[in-house]
Amino acid sequence: MNIKSAKFVKSSAKYIECPEDGLPEYAFIGRSNVGKSSLINRLVGVKTLAKTSQTPGKTQLINHFVVNDKWYLVDLPGYGFAKASQTQRTGFGKMIQNYILQRKELSCLFVLIDLRLEPQKIDLSFLQFLGEKEIPFAICFTKADKLSNNQINSNLARYYGTLLETWEELPMNFLTSAEDGRGREDVLAYIAEMNEDLLTA
Ligand code: GTP
Ligand code: MG
């Protein structure tokens, strides 16, 4: 897909404050510091669009960016942030839950998972929650540039094994790096496909 434009639209504290023009949206979620904002920037090719930081907890609101004036990329706050309150840490936060469960424009939630770590309970239970609520999602494994090809293969195999303990089929998943751009074309093609399906539905 060709990215002609990408613009910040607004930050919202609640899902009811989100844009009301009905354009489809693709939101990015995952543990704090996993690389959500960085991946969004890589997808659109603008390094400074979404704010990134080495300090976890940078993104605090629901941030809408309109792409090609046709669809939104949405940068969400992270979950599992060690300095957040206990409820924010374990409950994924009310803001996030309300957004995920109520936002009709949400076409697909991209769940970002750091491939360097062994499967984390909080990510697995978050995926479980999405399955139970029938929320369409895809996984993006992040920071692939920090691993060798051998490590990538063995960590992917480990993750797939864990997923298949609870999922009948592997969820859609992508290997990505905001650093070297790996996975960018695949994620954009997947979004383009979903946009097409929405237009013809
Ligand atoms: P919060 O908004 O705090 O939840 O974090 P986030 O998930 O948006 O992470 P962010 O994009 O701010 O990135 C966190 C840190 O990881 C930054 O220092 C990024 O430069 C780094 N980072 C993100 N993606 C990658 C990647 O693909 N490769 C490498 N090497 N570093 C990355
Ligand atoms: Mg962020």
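Author: What follows covers the pockets and the ligand of a predicted model.

Reader: What volume does the largest pocket have?
Author: The largest pocket has a volume of about 710 Å³. It is lined by 31 residues, and those closest to its centre are Gly35, Ser38, Leu39, Thr52 and Ala178.

Reader: Which helix gives the most to that lining?
Author: Helix α1, residues 36-44, gives the most to the lining of the largest pocket, with 6 residues.

Reader: And the lining of the largest pocket by class, how many nonpolar, polar and charged?
Author: There are 17 polar residues, 9 charged and 5 nonpolar in the lining of the largest pocket.

Reader: Where does ligand 1 sit?
Author: Ligand 1 sits in the largest pocket. There are 21 residues around ligand 1, and the nearest are Lys36, Ser38, Gly57, Thr59 and Asp145.

Reader: What is the make-up of that shell by class?
Author: The shell around ligand 1 has 12 polar, 6 charged and 3 nonpolar residues.

Reader: Which backbone atoms lie by oxygen atoms of ligand 1?
Author: A backbone N or O atom of Ala178 lies 2.7 Å from an oxygen atom of the ligand. For a backbone N or O atom of Asn33 the distance to a ligand oxygen is 3.0 Å, and for one of Gly78 it is 3.5 Å.

Reader: How much of ligand 1 does the protein bury?
Author: The protein buries 88% of the 650 Å² that ligand 1 exposes when taken alone.

Reader: Changing topic. How much space lies in the second largest pocket?
Author: About 280 Å³ lies in the second largest pocket. Its lining has 13 residues, with Lys70, Trp71, Asn195, Glu196 and Leu199 closest to the centre.

Reader: Which helix gives the most there?
Author: Helix α6, residues 184-200, gives the most to the lining of the second largest pocket, with 5 residues.

Reader: Last one: what classes make up the lining of the second largest pocket?
Author: That lining has 7 nonpolar residues, along with 3 polar and 3 charged.

Key
Residues are numbered from 1 along each chain as its sequence is written. Chains are lettered from A and ligands numbered from 1 in the order in which they are written. This is a predicted model: local features need pLDDT of at least 70, side-chain atom pairs count only at pLDDT 80 or more; totals for chains, interfaces and linings use all residues. Side-chain values use heavy atoms; hydrogens and water are left out. On a 1 Å grid over the protein atoms alone, a cavity is a set of points where a 1.4 Å probe fits but cannot get out, and a pocket is an open set with protein on both sides within 12 Å along at least five of seven lines; lining residues have an atom within 4 Å of a point. Grid points are joined across faces, edges and corners, and a volume is the space filled by probe spheres set on the points. Helices (H or I, at least four residues) and strands (E, at least two) are DSSP runs, numbered from the N terminus. Ala, Val, Leu, Ile, Met, Phe, Trp, Tyr, Cys and Pro count as nonpolar, Asp, Glu, Lys and Arg as charged, and the others, Gly among them, as polar. A residue is near a molecule or strand if one of its heavy atoms lies within 4 Å of it. A polar contact is a pair of N or O atoms within 3.5 Å; within protein, one must be able to donate a hydrogen and the other to accept it, and residues adjacent in sequence count only if both atoms are side-chain atoms. Accessible areas come from the Shrake-Rupley method with a 1.4 Å probe; for residues, only the protein chains shown count as cover. A molecule sits in a cavity or pocket if more than half of its atoms lie within 2 Å of its grid points.
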